[in-house]
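Hi,

Here is the model I promised to pass on. Have a look at it first, and then read on for my notes.

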Amino acid sequence: MNIIQDPLLLQNELLKLKRRGKKIGFVPTMGNLHEGHLSLVELARQHSDIVVSSIFVNPMQFGPNEDYDNYPRTLEADKSKLKQYNVDFLFTPTNEIIYPFGKEQHTSVQLNRLTNKLCGAKRPGHFKGVTTVVNIFFNIVQPDIAVFGKKDYQQFLIIQSMVSDLMMPIKIIGAEIKREKNGLALSSRNQYLTEAQKDSASLLQQTIKEIAENIKQGDRAYSELIERAKHTLLSYNFKVDYLEIVKQSDLEAASPSDNSILIAVAAWYGSPRLIDNLEINL
Ligand code: AMP
């Protein structure tokens, strides 16, 4: 595995390979890699000849009171995992390389739809940080395909929409959510939980699964389903940030006649804010 910090060096290496007809697949991450990230790498491999991954804890996507400083950074362990998965290039830039004038002064890219819902409504500026850094990375790597996890469903939709709006010649592939045996979605933020807390935190997924079962059985009283589920979560010490039933296409509130819907939740369990979702196609 080739580990590169310098964007132009990486770009040159990849352009050489592209000229030789190689298809480039890209998996951006913030590191602290788990099976979820590695499943994205496997998926990228299935769709490309050369797999490029990046590890960059992007300061622009964290709010002032969020966990940027404490975000788990485990570069050495991450490198050996990526090596085992035969990643060809790992890009590990510094903040100074990506934002030489600071994140406030940098040119930004912002999608003018989808970004004010769900996580976007709760984390102002978060998706501007995501689309900006992904744009920068896309311009460096110039991938043919890029893989994003559907655990961050809104992010996946926003990146897909950005690529389509800006006519970028990149295919975005969505990867299914990887979970612990108990159902808890894998996340770098699960590190903040003890094993016992991880078991209890799996109630988040069980709760949205239960809503999905009810919907599949014909219950369309969405507000009642939500209120009941919020009550359950609260009684198990979750602090719910949002719990919504929305359309998969635009994240607007779903109506009883919609067939492709998404149940999306964000909740604090102790210190970490956990997110999860479930797609239902009726
Ligand atoms: P992060 O390092 O959290 O920014 O995540 C990097 C990529 O991995 C994003 O596309 C995430 O959606 C994806 N990802 C994170 N956790 C999971 C998971 N449990 N299952 C599938 N993809 C995931």
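Helix 6 and helix 7 are oblique to each other, because the angle between them, about 55°, is neither under 35 degrees (roughly parallel), nor over 145 (roughly antiparallel), nor 65 to 115 (roughly perpendicular). Before going further: this is a predicted model, where local features need pLDDT of at least 70 and side-chain atom pairs count only at pLDDT 80 or more, while totals for chains, interfaces and linings use all residues. Residues are numbered from 1 along each chain as its sequence is written, and side-chain values use heavy atoms, with hydrogens and water left out.

Back to the two helices. Helix 6 covers residues 126-141 and helix 7 covers residues 153-165, and their axes are 11 Å apart. Axes here are lines fitted to C-alpha atoms, for helices over the stretch in contact, with angles running from 0 to 180 degrees between N-to-C directions. Helices (H or I, at least four residues) and strands (E, at least two) are DSSP runs, numbered from the N terminus. The crossing is right-handed, that is, the near helix is turned clockwise from the far one by less than a right angle. On the helix 6 side, the contact (heavy atoms within 4.5 Å) is made by Phe127, Val130, Thr131, Val134, Asn135 and Phe138. Helix 7 brings Gln154, Gln155, Ile158, Ile159, Met162 and Val163. Sorted by class, that gives eight nonpolar, four polar and no charged residues; Ala, Val, Leu, Ile, Met, Phe, Trp, Tyr, Cys and Pro count as nonpolar, Asp, Glu, Lys and Arg as charged, and the others, Gly among them, as polar.

Helix 6 also packs against helix 1 (residues 7-19), at an angle of about 45° and with the axes 8 Å apart, so this pair is oblique too. Pro7, Leu10, Gln11 and Leu14 of helix 1 meet Asn139, Ile140 and Val141 of helix 6. Five of these residues are nonpolar, two polar and none charged.

Now the rings. Rings of Phe, Tyr and Trp (its six-membered ring) pair if their centres lie within 6.5 Å, and planes under 30 degrees apart count as stacked, over 60 as edge-to-face and the rest as tilted. That rule gives 10 aromatic pairs. Phe62 and Tyr71 are edge-to-face, because their planes are at 75°, with the centres 5.8 Å apart. Both are buried (under 20% relative accessible area; exposed is over 50%, partly exposed in between, with a 1.4 Å probe and protein chains only): Phe62 is at 6% and Tyr71 at 7%.

Phe238 and Tyr269 make a tilted pair, 4.5 Å centre to centre and 35° between the planes. They sit 31 residues apart, Phe238 in the loop between helix 10 (222-235) and strand 7 (239-247), Tyr269 in the loop between strand 8 (260-268) and strand 9 (273-281). Phe238 is buried at 2% relative accessibility, and Tyr269 is buried at 11%. There is also a cluster in which ring pairs link Phe26, Phe56, Phe91, Tyr99, Phe137, Phe138 and Phe148; Phe138 turned up above in the contact with helix 7.

His106 is partly exposed, at 22%. Leaving aside residues up to four places away in sequence, His106 touches Met60, Ile98, Tyr99, Pro100 and Ile136.

Cheers
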